[in-house]
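Take a moment to look at the model, then read on.

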Amino acid sequence: MRRAFELGLAVATGLALAFLLLPMLALFLRISPAELLDALTSEVALDALWVSLKTGLIAHAFVLLVGTPAAYFLATKRFRGRGVLVTLVELPLVLPPAVAGIALLALFGRRGLLGETLDAFGIQIPLTQAAVVLAVVFVAAPFYIRQAIASFEGVDPALIDASRTLGASPARTFRRVALPLASSGLGAGSALAWARGTGEFGATIMFAGSLQGVTQTMPLAIYAQLDLDPDVAIAIGALLVLVSLTVLLAVKLLPSWTRFTSASLIRSAPSGSS
Amino acid sequence: MRRLGWLFAAALIVASCGGGDAPSDEPEALTVFAAASLTEVFQELAPNVTFNFAGSDELATQIREGASADVYAAAGPRYPEELAAQGFLEAPQVFATNRLVVVVPADNPAGIESVDDLAADGVRVVIGAEGVPVGDYTRSVLETTGAEDVLDNVVSNEEDVKGVAGKVVSGDADAGFVYITDATAAGDDLRAIELPAQPLIEYPIGIVTASENYHAAEGFVELVLGEEGRQALRAAGFGLP
């Protein structure tokens, strides 16, 4: 009886692993490594890689620069409605991408809430590279902010207090104590946000359109190339699997790595003031 | 414990049964893969049929990859001929023709009156992607009329004709190239501008060789080719062969 149960568990695990991993394996088996490399160096693939990298980096800079202080504020301040705010910030996390796309159009579209004003100034956002950046920020930022709030909340308030009593300003305390102590969580959140941003498809195709070298990111190129040149679509897909695997490893390894380094930071932070 | 063991066994049985489609003769089970430009007219013609509307190229890829389609109707001869040559489709027959037009939003923000205006600085044009029939027709018309510089103003290559129409309806693009039938379907939201030259746009329909609903598939093709189909197509703005 016990054996039947154990067997059942093992079979279920096997099924789950097979179902999750076989599609990715099939992707790599579909073309030879030589064809893969060949397809990856095609103009479409290189353009898509460049667009994804450029928009991804710009979007990520926004996410980190605005998201970190915002998360610190939400994590450390206690005020009415804080819980509601945190929940609202997380809303895009569970929003279907198509809804994100149409919502961004409703705001920035030429007939949108802000779009009409922007249009009057000759600024158009839909169907431009800026639209790709906005779409990525919109879908990826919550992944980072959510994780960053949790990380800042995990910092021992006694250490913050100690830093303040020793005369460090709030800004200095944030920079020298809170930030280093939360860094592993921030790193993990950053990696997750990057992964979600790289994979962004639905909101981008609705809000930014698809133009090679301008708005056609890697996921959009997969879609566009599927019937034109399947090899290129498969090659980009395989590349994204590898990128995703790297991100996942980073998320898994970062905490253990920074736990070690931040431990030394705790000791040096308070005495490090000159 | 015993109960849990049985639960797993049951889950296994369910899992092993999934995927196998039981063959059925009911016409409701009929699945038709059709070009996006046929959306309105086909839905009106056969409300009970399951449709998959998309770019003809995408549909052809899906059929090649083994999607369970019974009938394929495309916005050009290229993909049906390819599929027929590869043995995926039975001899396709032309059932309609269409015309390519330029559409602008009702308020025409860029003041487009002719194809030449599309090449002006700052005009935002949306067309079909390469390989998508409407995109290939657009490129061939621009080439034959010597208006290739319009391509420099393209801000998005859409995967089907509805994607083009949608971005013009919303006003985010100043103009797009679609079929006259899409302009008709959009009603007052779009204004159509005729082109100086027309490519030959024919819609072939054929039964998918692997169809498990052969009888119903035949019935649908007959419906489209017959008098009822012709009337619906004409009403939607299609030409008839």
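## Getting started

Helices (H or I, at least four residues) and strands (E, at least two) are DSSP runs, numbered from the N terminus. With that in hand, chain A reads α-α-α-α-α-α-α-α-α-α-α-α along its sequence. Chain A comes to 12 helices and zero strands, and its C-alpha trace spans about 70 × 65 × 40 Å along its principal axes.

A few ground rules. This is a predicted model, where local features need pLDDT of at least 70 and side-chain atom pairs count only at pLDDT 80 or more, while totals for chains, interfaces and linings use all residues. Residues are numbered from 1 along each chain as its sequence is written, and chains are lettered from A and ligands numbered from 1 in the order in which they are written.

## Helices packing in chain A

Two packed helices are described by the angle between their axes and the distance between the axes. Axes here are lines fitted to C-alpha atoms, for helices over the stretch in contact, and angles run from 0 to 180 degrees between N-to-C directions. Take H5(A) (residues 97-108) and H7(A) (residues 129-153): they pack at about 125°, with their axes 11 Å apart. That is why H5(A) and H7(A) are oblique to each other (angles under 35 degrees count as roughly parallel, over 145 as roughly antiparallel, 65 to 115 as roughly perpendicular and the rest as oblique). H5(A) passes H7(A) in a right-handed crossing; a crossing is left-handed if the near helix is turned anticlockwise from the far one by less than a right angle, and right-handed if clockwise. From H5(A), Pro97(A), Ala100(A), Leu104(A) and Phe108(A) meet Leu134(A), Ala135(A), Phe138(A) and Val139(A) of H7(A). Being in contact takes C-beta atoms, placed from the backbone, that lie within 7 Å. By class, this contact of H5(A) with H7(A) has eight nonpolar, no polar and no charged residues (Ala, Val, Leu, Ile, Met, Phe, Trp, Tyr, Cys and Pro count as nonpolar, Asp, Glu, Lys and Arg as charged, and the others, Gly among them, as polar).

Now for H3(A) (residues 43-76). Its axis and that of H7(A) come within 7 Å and cross at roughly 35°, in a right-handed crossing. The contact of H3(A) with H7(A) has 20 nonpolar, six polar and one charged residues. H3(A) also meets H9(A) (residues 170-199): here the axes come within 10 Å and cross at roughly 140°, which makes H3(A) oblique to H9(A). This crossing of H3(A) and H9(A) is right-handed. Among the residues in contact are Gly56(A) and His60(A) of H3(A), and Ala178(A) and Trp194(A) of H9(A). Those of the contact of H3(A) with H9(A) divide into nine nonpolar, seven polar and no charged.

## Two sheets in chain B

Which order do the strands take in the open sheet of chain B that includes S1? It goes S2-S1-S3-S10-S4, five strands with mixed pairing. Two strands pair if DSSP finds at least two bridges between them. The edge strands, S2 (50-54) and S4 (93-98), each pair on one side only, and the twist averages 15° from one strand to the next.

S1(B) (residues 31-35) and S3(B) (residues 71-73) pair in the parallel sense over three bridges, with Phe33(B) opposite Tyr72(B). Five bridges join S1(B) to S2(B), which run parallel, and Ala34(B) has Phe53(B) as its bridge partner in S2(B).

The other open sheet of five strands in chain B has the order S7-S6-S8-S5-S9, again with mixed pairing. Its edge strands are S7 and S9 (190-194). S6(B) (residues 125-128) is joined to S7(B) by four bridges, and the two run parallel; Ile127(B) stands opposite Asn157(B) in S7(B). H5(B) (residues 133-144) lies across S5, S6, S7 and S8 of chain B, running at about 120° to S6(B).

## Where the chains touch

How many residues does each chain bring to the contact? Chain B gives 26 residues and chain A gives 23 residues. On the chain B side, H1 (2-17), H3 (56-64) and S7 (154-158) each supply at least two residues. H1(B) gives the largest share, six residues. By class, the side of chain B that touches chain A has 11 nonpolar, seven polar and eight charged residues.

Conventions: Contact = placed C-beta atoms within 7 Å.
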